[in-house]
Amino acid sequence: MDWEAFAERMATMARDLLAQESVEATLDRISECAVDIVDGCDAAGILMLRGKRVESLAPTDSLVVRSDRLQERLGEGPCFDAARRLGGERVFRIRDFTQPEERWPAFVSQARDLGIGSMMGFLLYTEQENLGALNLYSTRPAAFTKASETAGWLLASHGAVAFSSARTADQLQQAIETRHTIGEAMGILMERLKITEDDAFALMRRVSQERNVKLRDLARQICESGGIDG
């Protein structure tokens, strides 16, 4: 491994990840970078847990989705465990799928038929939050070296920061758009009903609660229809 050249690629990648314009684009770049940067990696994706349900994000190959579904069905696997952060571990690895595996025997046995030769899972985390797991796959047994693991861990570290930053920016943008929509809806009600700003907001809150509709959705309806229907 030429670590000097690798460091330059990592620096370029870090800037590239932070320059993405959406959460989806950021995740896609994380997976793409895994295939480009980590030796032996043929496919990559991000696994997130929603309770006991697995969500596959930014897969570079259908193999990733099939593996995630298998781990969900069995409730075991290195990336499944990485996403749950069991025992404080942050890196999981299966070196050779042609050999018996004590930790995840059912998964290894069935994943072999998917064409997986070896794999690694890295927890995506920051000090504030757990963001899931970055999964790296190879179709060849024993494809990942110690250098591959180090590269994957560094990528996961940069990826977690970029993922968290993109989510924060996206949430901020949504909050700004929601505030703008609510303000526009209040203006419509004030003009149409000849009421004050406080009365317009109180009316929207009351209708929102009565109809069990989120305030932002009600505001959008008012903007589209010009008033409160019904």
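Q: In which helix is the place of Glu197?
A: The model is a predicted one. In this model, Glu197 has its place in helix α7.

Q: Which residues is Glu197 in contact with, leaving aside its neighbours within four places in sequence?
A: The C-alpha atoms of Glu197 and Met186 are separated by 6.7 Å, although these residues are eleven apart along the chain. Contact is a matter of heavy atoms within 4.5 Å. With neighbours within four places in sequence left aside, the contacts of Glu197 are Met186 and Met190.

Q: What distance does α7 reach from its first C-alpha to its last?
A: Helix α7 covers residues 197–211, which makes 15 residues. At 1.5 Å a residue, 21 Å is expected. The span in the model is close to that, at 21 Å.

Q: What arc around the axis do the buried residues of α7 cover?
A: The buried residues in α7 are Ala200, Leu203, Met204, Val207 and Ser208. They lie on the same side of α7, because the arc they cover around the axis is only 130 degrees.

Q: Which exposed residues does the face of α7 turned away from its buried side carry?
A: An α-helix has 3.6 residues a turn, so residues three or four places apart point the same way. Exposed here stands for over 50% relative accessible area. On the face of α7 turned away from the buried side, the exposed residues are Asp198, Gln209 and Glu210.

Q: What is the phi of Asn212?
A: Most residues other than glycine have a negative phi. Asn212 is a residue other than glycine with a positive phi, near 55 degrees.

Q: Does Asn212 count as buried or exposed?
A: The cut-off for exposed is over 50% relative accessible area. Asn212 has 72% relative accessibility, so Asn212 counts as exposed.

Q: What arc around the axis do the buried residues of α8 cover?
A: In α8 the buried residues are Leu218, Ala219 and Ile222. Their placement on the same side of α8 follows from the arc they cover around the axis, only 100 degrees.

Q: Which residue takes a positive phi just after α8?
A: The phi in question is about 90 degrees. The residue that takes this value just after α8 is Gly226.

Q: Does Ala58 count as buried or exposed?
A: Ala58 sits in the loop between β2 (53–57) and α3 (62–74). Its phi is positive, about 50 degrees, although Ala58 is not a glycine. Buried requires under 20% relative accessible area. With 13% relative accessibility, Ala58 counts as buried.

Q: How many aromatic pairs does a search of the whole structure find?
A: One of the pairs is formed by Phe97 and Phe107, both of which are buried. The search of the whole structure finds aromatic pairs to the number of two.

Q: What is the angle between the planes of Phe97 and Phe107?
A: A pair of aromatic rings is described by the distance of the centres and the angle of the planes. For Phe97 and Phe107 the centre-to-centre distance is 6.0 Å. Planes over 60 degrees apart count as edge-to-face. The pair is edge-to-face, with an angle between the planes of 75 degrees.

Q: How many residues apart in sequence are the parts that the pair of Phe97 and Phe107 ties together?
A: Phe97 lies in the loop between β3 (91–94) and α5, whereas Phe107 lies in helix α5. The pair therefore ties together parts whose separation in sequence is ten residues.

Q: Which residues is Arg112 in contact with, leaving aside its neighbours within four places in sequence?
A: Arg112 lies in the loop between α5 (105–111) and β4 (118–125), and counts as partly exposed at 36% relative accessibility. Its C-alpha is 9.4 Å from that of Thr139, which is 27 residues apart from Arg112 in sequence. With neighbours within four places in sequence left aside, the contacts of Arg112 are Phe97, Thr98 and Gln99.

Q: How many disulfides does the structure hold?
A: Cys33 is buried, with a relative accessible area of 4%. Cys223 counts as partly exposed, at 25% relative accessibility. A disulfide requires a pair of cysteine sulfur atoms within 2.5 Å. The number of disulfides in the structure is zero.

Conventions. Residues are numbered from 1 along each chain as its sequence is written. This is a predicted model: local features need pLDDT of at least 70, side-chain atom pairs count only at pLDDT 80 or more; totals for chains, interfaces and linings use all residues. Side-chain values use heavy atoms; hydrogens and water are left out. Buried means under 20% relative accessible area, exposed over 50%, partly exposed in between (1.4 Å probe, protein chains only). Helices (H or I, at least four residues) and strands (E, at least two) are DSSP runs, numbered from the N terminus. The expected span of a helix is 1.5 Å times one less than its number of residues. The arc is that of the directions from the helix axis to the C-beta atoms. Rings of Phe, Tyr and Trp (its six-membered ring) pair if their centres lie within 6.5 Å; planes under 30 degrees apart count as stacked, over 60 as edge-to-face and the rest as tilted.
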